[in-house]
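Please keep the sequence and the structure in view while reading.

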Amino acid sequence: MKKQNILLATALSLIVLGSSCKKDNNHNHDSGNPGGSKAVQFTAAINGQIKTKASNDQWDAGDTIGVFMKTGTGLSNVLAANKSYLTTGDGAFTASATDQTIFYPDNGTVDFIAYYPFKKALTNNTYAVDVTQQANQSAIDLLYSNNATGLSKTSSIANLVFVHQLSKIEFTVTKGAGVTDLNGLAVSLGGQTAKANVDLASGTLTNTTSTADINAKTTAQAGGTALAEAILIPTADASGKVVTFSLPAGKFNLTLPSGTKYEQGKKYTYSIELKNGTAGTPVAVAISATITNWTDVPSGSYTVGQDSLSNPPTGTEDVLYTETFGTGSASTKPKVAAYTGWANPSWTFSDSFGTADLRTISAYPDNVHLWLPATKDASLKIEGIQVTGYTSLKLKYDLAPNAASASSTSDVNVISVKVNGTSITVPSRPLSNADNNKFVTVELSNIPVSATNTIEFMGSTATNTLGMRLDNVVIIGVK
């Protein structure tokens, strides 16, 4: 599976069979297949990005959606109410039981409303949201779809496009001077909206008056860092709310500045360094503020303990392109010039040395990636990237080393990057045998802009001693 905001194709199949009802008795049947109609295939996407979900960008075994089939405005005339469809994890959904199967009526068109995660008990088609418990992110990440309209038993494929209804906040926390470790870290977002109702007829949030301190889900990461994440109910004004980073040795408080808001479907990601400042005062410095797989918005740069925003970015940040190198098998290891499965076929791809190839490996059997071989000059040049009208470009990509032994070491900067012929500095991030075939994300800012951009990745004989896998090239811009 691809791990990005950025995203891969999922087949969502609902077996929809013809009904034997008369036109004047146009309702849904819960069992049987009296009409013998063909199955209708659906695809599931989130904001147009396919095979992605909730908190981890993939469907998990047992994930269940609720589906309504209806006519007319909202849910005023429901033909099939809150039917549950589940998946084994491959993205194909089937009715959870025989009586949950939805059948098209013999005549006329219908619309679909769907949501995730499924709840059996709904009151007046209202979905109760409660984000006070963050341990299971998928269980609270509400997705909603109402785009599949005007369908009938003659329809072939319908696309259900799910939209995140809530917001997501992430803090990647690192230890700085005077902080020995992050053991016992807890992160609390104070005074947040804790509960709400969602009208499934329209997707509208209501009754958002309940507030509470939300304890983020915190997990240790490689290299002594920690990730704190929370899915929150959107708020138009989070000004003055306090985020507290707590360690056994002390607390680091961040007061959110005026104008802070959390919008539906947007994911706000901060990279925070905790350290002792002057006179031993605890401070937390934001070393970057970016967004990953939900809708991207720049979040600014903060210093905890100071109620100010430093160097806030302006404009709206968008993911312009993602090159995933396709899905499926590359068992023949085609060279760049011979490969045709690119995600962006309008671009031109080349390798100046003819040594790089496309591959899959057992660890990623469905993900094609580019292999830059060890101790050889190899490259990937991508030409024809349209970025007109965008500024403040960023480039993100994933790299995984091919460590040969326990003592093998490398660095992400052994793969150099040029944009429009200009070398871009790649910050050091050491890689060891423990990172063997594990993708890490590299992000580069201040990328040059021209009418069309050319990006080139290169591994050299002298520096790329282990070989490196390249995947998920993402171009982000502010318009």
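## Cavities

Strands β32 (391-401) and β38 (452-459) each contribute at least two residues to the lining of the largest cavity; strands (E, at least two residues) and helices (H or I, at least four) are DSSP runs numbered from the N terminus. The model is predicted, so local features need pLDDT of at least 70 and side-chain atom pairs count only at pLDDT 80 or more, while totals for chains, interfaces and linings use all residues. Residues are numbered from 1 along each chain as its sequence is written, and side-chain values use heavy atoms, with hydrogens and water left out.

A cavity is a set of points, on a 1 Å grid over the protein atoms alone, where a 1.4 Å probe fits but cannot get out; lining residues have an atom within 4 Å of a point. Grid points are joined across faces, edges and corners, and a volume is the space filled by probe spheres set on the points. Two cavities of 30 Å³ or more are present, and the largest has a volume of about 50 Å³. Its lining includes Ile385, Lys394, Asn453 and Ile475. Strand β32 gives the most to this lining, with three residues. By class, the lining comprises seven nonpolar residues, one polar and one charged; Ala, Val, Leu, Ile, Met, Phe, Trp, Tyr, Cys and Pro count as nonpolar, Asp, Glu, Lys and Arg as charged, and the others, Gly among them, as polar.

## Nonpolar cores

A nonpolar core is a set of buried Ala, Val, Leu, Ile, Met, Phe, Trp, Tyr and Cys residues joined through side-chain atoms within 4.5 Å. Buried means under 20% relative accessible area, exposed over 50%, and partly exposed in between (1.4 Å probe, protein chains only). The largest core has 43 residues, and Phe171, Phe245 and Leu274 have the most contacts inside it. Strand β19 (residues 226-232) supplies the largest share of this core, five residues. A second, separate core of 41 residues includes Val336, Trp347, Val412 and Ile455.

## Salt bridges

The count comes to 10 salt bridges, each a side-chain nitrogen of Lys or Arg within 4 Å of a carboxyl oxygen of Asp or Glu. Asp130 pairs with Lys195, the closest N and O atoms being 4.0 Å apart. This pair links distant parts of the chain, with Asp130 in strand β10 (residues 126-130) and Lys195 in strand β15 (residues 195-199), 65 residues apart. Asp130 is partly exposed at 34% relative accessible area, and Lys195 is partly exposed at 40%.

Lys168 and Glu170 form a salt bridge (3.7 Å, N to O). Lys168 is buried at 1% relative accessible area, and Glu170 is buried at 10%. Salt bridges that share partners join Lys168, Glu170, Glu229 and Lys267 into one network.

Definitions and conventions:
1 Å grid on protein atoms, 1.4 Å probe; cavity = no way out; pocket = protein on both sides within 12 Å on 5 of 7 lines; lining within 4 Å.
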